[in-house]
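Visitor: Before I set up any calculation on a model, I would like to learn how to read its strands, helices and cores. Could you take me through them one feature at a time?

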Amino acid sequence: MKYHNEIQRRRTFAIISHPDAGKTTLTEKFLLFGGAIQVAGAVKSNKIKKHATSDFMEIERQRGISVATSVMSFEYNNILINLLDTPGHKDFAEDTYRTLTAVDSVILVVDSVNGVEDQTRRLMEVCRMRDTPVIVFVNKMDRDGKNRFDLLEEIEKELSLSLHPMTWPINSGKDFKGVYNLHDKNLLLFTANTKGGDEDSFSISDLNDAVLDQKLGDTDAASLREDVELVDGVHGELDVEEYLAGKVAPVFFGSAINNFGVKEMLDTFIRIAPTPRSRETSTRIVDVEETKLSGFVFKIHANLDPKHRDRIAFFRVCSGKFERNKYFHHVRLDKEVRFSNPYSFMARDKSIIEDAYAGDVVGLFDTGNFKIGDTLTEGEDFYFTGIPSFSPEIFKEVVNKDPMKTKQLEKGLLQLTDEGVAQLFTQFGGNKKIIGCVGELQFEVIQYRLLHEYGASVTFNSLPFYKACWLTSNDKKKLEDFARFKLANIAEDKDGQIVYLAQSEWFLNTERTNNPDIEFHFTSEIHKQE
């Protein structure tokens, strides 16, 4: 019974969006409601001295963007919420994709000014693959943006998502007057630069009430009545089952920076969002109510605290109870491991915990035992499936500027690529180190972190490769012959798997045609086939 109650009280979700849509600001407001922080910080601002809690790396504060997923736990109305704030920048999409495998639902932030952007599409594709339940928050209603009906139509069309408005805005931009809550039948009035409090909320069960005209003026009151009639006529009541199946997305309007419309969404979220779910593994489906522990590592972060050379593995509990100092089975290494100080997170602030239940994310100190996708159990051997690893698109050779620091460089490269930010290849027969990334910005982050965290200074030389392909074949000799003939294009990833670095699409297609016995894979989905 205890397990059941603990699981029912947990909600684990990620906030995703295009950069600058207001994701980190929204995270801050959630923490404010949960009483986890007293003052909300802004990501970019000259006036506000307090930085966003979830942006803890030095480079994030300088750039005003989030480059690493951060995890925060807080309580709201007796519900324990595990919130994962993800980077929106496309160069860090891989970190975000993997984070989406560790959550049960998602809040998608859409900027009312720019509407749906490229990155939003890619993130929604991942949610679609997993049928993840989504709630949409349309942000920045206090700025001049698109017409609300056009915006909803754009989101539905671009993201192939059925929307269900839960609140409805009254105007936008400088004429923005507030939102009407279609579910609770109350009106929330907006005043710029003040926090939305209870005193600005009016319960209006009948929209024909004259109070509406007093508060909004005749024109706005009339257009709100029209809008609500239309929206209600089309959508009716929200079908929670449809939302949980990932078919319908509730929509809320507001302004995160002014803390407006956020509480309505949070209240609905804890009412309808899914509790932790059962999950698929390589051998069977693990029921969330099982009493034996199981879970997987979806992210590794080195040097969370630059003063201590620590590596933290982010571990999602999928079933059972995680306990401090108890021995668990590390499936890949086939050995027993225990953790004397597991952490729960508040971005960079950590507090030691005694136990954790399904849905929780725990930080485990790692001395190099973990890779992304590793599973811990109480003796059983299986892996959680579906954790993606992508083929890089930009390749650069690492050039060491200080030969005296070779050891630090090797260590730094291994630890940073263990985080899954980039992939490390070693050219066959040589010792040329090649880093493959999905985006340019990652090289800057790696260069910055190698210098500031490991004291190794490097430059990068661009390489003319188009794609990395993992090679497999049932005929071992054919694989060896291919590797020998194509020596200049063959490398090993850091798990020792053979990778072919193709110069262009034409070369790749030619090799595939000429070598029908060899399979070329673009992703090495972790633990797909062991």
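Guide: What follows goes from strand pairing to single side chains, then to cores, and ends with helix packing. Please keep in mind throughout that this is a predicted model.

Visitor: Let us begin with the strands; in which sense do β1 and β4 pair, parallel or antiparallel?

Guide: The general idea is that strands of a sheet pair through backbone hydrogen bonds, either parallel or antiparallel. Here β1 and β4 pair in the parallel sense, over five bridges, and F13 has S105 in β4 as its bridge partner. On to the next pairing: β4 also runs parallel to strand β5 (residues 134-139), to which six bridges join it, with V109 standing opposite F137 of β5.

Visitor: Which residues of β4 are buried on each side?

Guide: On one side they are S105, I107, V109 and D111, and on the other V106, L108 and V110, so that both faces of the strand are covered. In other words, seven of the seven residues of β4 (residues 105-111) are buried.

Visitor: Which residues does T12 touch, beyond those up to four places away in sequence?

Guide: T12 belongs to strand β1, and its contacts, with residues up to four places away not counted, are N82, L84, A102, V103, D104, S105, R316 and G359. One of these partners, N82, is also joined to T12 by a polar contact of 3.4 Å between the two side chains. T12 counts as buried because its relative accessibility is 1%, the cut-off for that label being under 20%.

Visitor: How many residues of β15 are buried, and with which strand does β15 pair over five bridges?

Guide: Nine of the nine residues of β15 are buried. The five bridges link β15 to strand β22 (residues 361-365) in the antiparallel sense, and F315 stands opposite V362 of β22.

Visitor: Which residues have the most contacts inside the largest nonpolar core?

Guide: They are V136, I155, L224 and F322, in a core that has 74 residues. The largest share of this core comes from β15, which supplies six residues.

Visitor: How far apart in space are S17 and V136?

Guide: Their C-alpha atoms are 10.0 Å apart, although 119 residues separate S17 from V136 in sequence. S17 is found in β1 (residues 10-17), and S17 counts as buried because its relative accessibility is 0%.

Visitor: Turning to the helices, at what angle do α2 and α10 pack?

Guide: The angle between α2 and helix α10 (residues 262-272) is about 70°, with their axes 10 Å apart, and the two helices are therefore roughly perpendicular to each other. In this packing, L26, K29, F30 and F33 of α2 meet V262, K263, M265 and L266 of α10. Helix α2 (residues 23-33) is mostly covered, with nine of its 11 residues buried; among them are L26, K29 and F30.

Visitor: What is the order of strands in the open sheet of eight?

Guide: The order is β27-β24-β26-β25-β29-β30-β28-β31, with antiparallel pairing. At the edges are β27 (458-462) and β31 (518-521), each of which pairs on one side only. On average, neighbouring strands of this sheet are turned by 40° against each other, direction ignored. As one example of the pairing, three bridges join β29 (residues 490-493) to β30 (residues 498-502), and A491 has V499 in β30 as its bridge partner.

Visitor: Which strands does helix α14 touch?

Guide: Helix α14 (residues 505-514) packs on the sheet and touches β28 (467-473), β30 and β31, its direction making about 130° with that of β30. Helix α12 (residues 440-454) lies across β24 (394-400), β26 (433-437) and β27, and runs at about 155° to β27.

Terms used: Residues numbered from 1 in each chain as written. Predicted model: local features only at pLDDT ≥ 70, side-chain atom pairs only at ≥ 80, totals over all residues. Heavy atoms only, no water. Buried < 20%, exposed > 50% of the residue type's maximum accessible area, 1.4 Å probe, protein only. Helix = DSSP H or I, 4+ residues; strand = E, 2+ residues; numbered from the N terminus. Pairing = 2+ DSSP bridges. Axes fitted to C-alpha atoms, helices over the stretch in contact; angles between N-to-C directions. Contact = heavy atoms within 4.5 Å. Core = buried A, V, L, I, M, F, W, Y, C linked by side-chain atoms within 4.5 Å. Parallel < 35°, antiparallel > 145°, perpendicular 65-115°, else oblique. Polar contact = N/O pair within 3.5 Å; in protein donor to acceptor, adjacent residues only side chain to side chain.
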